[in-house]
Amino acid sequence: MEPVQYSYEDFSRFPATVFWMMGYDVLGVPKTRSQRILYRVYRFLCLASHSVCVGFMIFRIVEAKTIDNIPLIMRYSTLVTYVINSDTKYATALQRDAIQSLNSKLATIYPKTTLDRIYHRVNDHYWSKSFVYLVIIYIGSSIMVVIGPIITSVISYFTHHGFTYMHCYPYFIFNPERQSSWIYLGIYVLEWLHSTQMVISNIGADIWLIYFQVQINLHFRGIIQSLEDHKPSVENDYEDRQFLAKIVDKQVFLVSMQNDLNEIFGGSLLLSLLTTASVLCTVAVYTLLQGVSLEGCTYVIFIGTSVMQVYLVCYYGQQVLDLSAQVAHAVYNHDFHNASTAYKKYLLIIIIRAQQPVELSAMGYLSISLDTFKQLMSVTYRVMTMLRQMIQ
């Protein structure tokens, strides 16, 4: 029995679901009135909690009285860079009209029939289980960072040391002797919603970026495959030229879609690479300073998933770079010796266009590829080593 070939809507369901976790509907899916109200209330609570927490963070930094040791300085550095990273990606996701427009354009060229989907091997491009597990682990490790302190407090309570009222973020100072337990609960709700806003913004924007890049890569592979399979002849010259005209139009369309993708995500990509490197450095050094603990373990998992997050963005950026160049190779290897002169001229147009690399770009300043990932990890390691030596 043949497996069901995924539709375009099947692809978009996963990134849309991730953003729903913070009450944000990127695609504007129709809902009932009660659903719309619940989503808006939940989204408002996430944004309001995030604003309150960021406000307290800025206040503590300006006040500078409570930041009195190296681990706390490293922790605040991590929080500041992660907030900048997440808010930049959230601002990118707010370009809903541009995202919906790009989504609609790519939907128009997605293979419609089952045979066409099999030919394009759409199921091979669908979200892999390993990728879904990575997202789950990323979100799960972020949740553990938030709930880890209360778990530690509960363990302390049952080991007869008393409930320690620990919580995640250092900018809320709670005194159990003077303040009610309800205030502690309120702080935890604020931290939970604040963390949800940051984590989902961070991972959700990258999933949408990867989703669009996968769609573009799918069609470049389709162009390469169709060129390799097509065998032109002088007798079928008109049909052959029609075939190539469609290839040229699709090639131009895909370049336009890649430019749209770069315009939407380019700014956040550039800033994200810088802030992600900073987050990795400060989290790694903070974890080393803290030693073996539940918090340290969750941070180690967080570092691993963050590195994979950056790697995947760079990996798919490398793919579009390679595939756009492979179009020219497909033409070179094309069996065109029986084709007409007019057909061969069409091939030259495709080759000329393929000489200009199609790339995932950070505002035109930086091409996103595996080389970018290597350079980022190299710089991160050097900075992390320098910070560790300075602290020790």
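Predicted model: local features only at pLDDT ≥ 70, side-chain atom pairs only at ≥ 80, totals over all residues.

Student: At what angle do the axes of helix 3 and helix 7 cross?
Tutor: They cross at roughly 55°, and the axes come within 8 Å. Helix 3 covers residues 70–93 and helix 7 covers residues 181–229.

Student: So are those two parallel, perpendicular or oblique?
Tutor: Helix 3 and helix 7 are oblique to each other, because angles of 65 to 115 degrees count as roughly perpendicular and those under 35 as roughly parallel. Helix 3 passes helix 7 in a left-handed crossing.

Student: Which residues make the contact?
Tutor: From helix 3, the contact uses Tyr-82, Val-83, Asn-85, Ser-86, Lys-89 and Tyr-90. Helix 7 brings residues including Met-198, Asn-202 and Asp-206. By class, the contact of helix 3 with helix 7 has 6 nonpolar, 5 polar and 2 charged residues.

Student: Switching over: how does helix 1 cross helix 7?
Tutor: Helix 1, residues 8–20, crosses helix 7 at roughly 165°, with the axes within 8 Å. That angle is over 145 degrees, so helix 1 is roughly antiparallel to helix 7. Helix 1 also passes helix 7 in a left-handed crossing.

Student: What does helix 1 put into that contact?
Tutor: Among them are Phe-11, Phe-14, Pro-15 and Phe-19 of helix 1, and helix 7 answers with residues including Ile-203, Trp-208, Tyr-211 and Phe-212.

Student: And how many charged residues are there?
Tutor: The contact of helix 1 with helix 7 has no charged residues, with 14 nonpolar and 4 polar.

How values were computed
Residues numbered from 1 in each chain as written. Heavy atoms only, no water. Axes fitted to C-alpha atoms, helices over the stretch in contact; angles between N-to-C directions. Helix = DSSP H or I, 4+ residues; strand = E, 2+ residues; numbered from the N terminus. Left-handed = near helix turned anticlockwise from the far one by under 90°. Contact = heavy atoms within 4.5 Å. Nonpolar A, V, L, I, M, F, W, Y, C, P; charged D, E, K, R; others polar.
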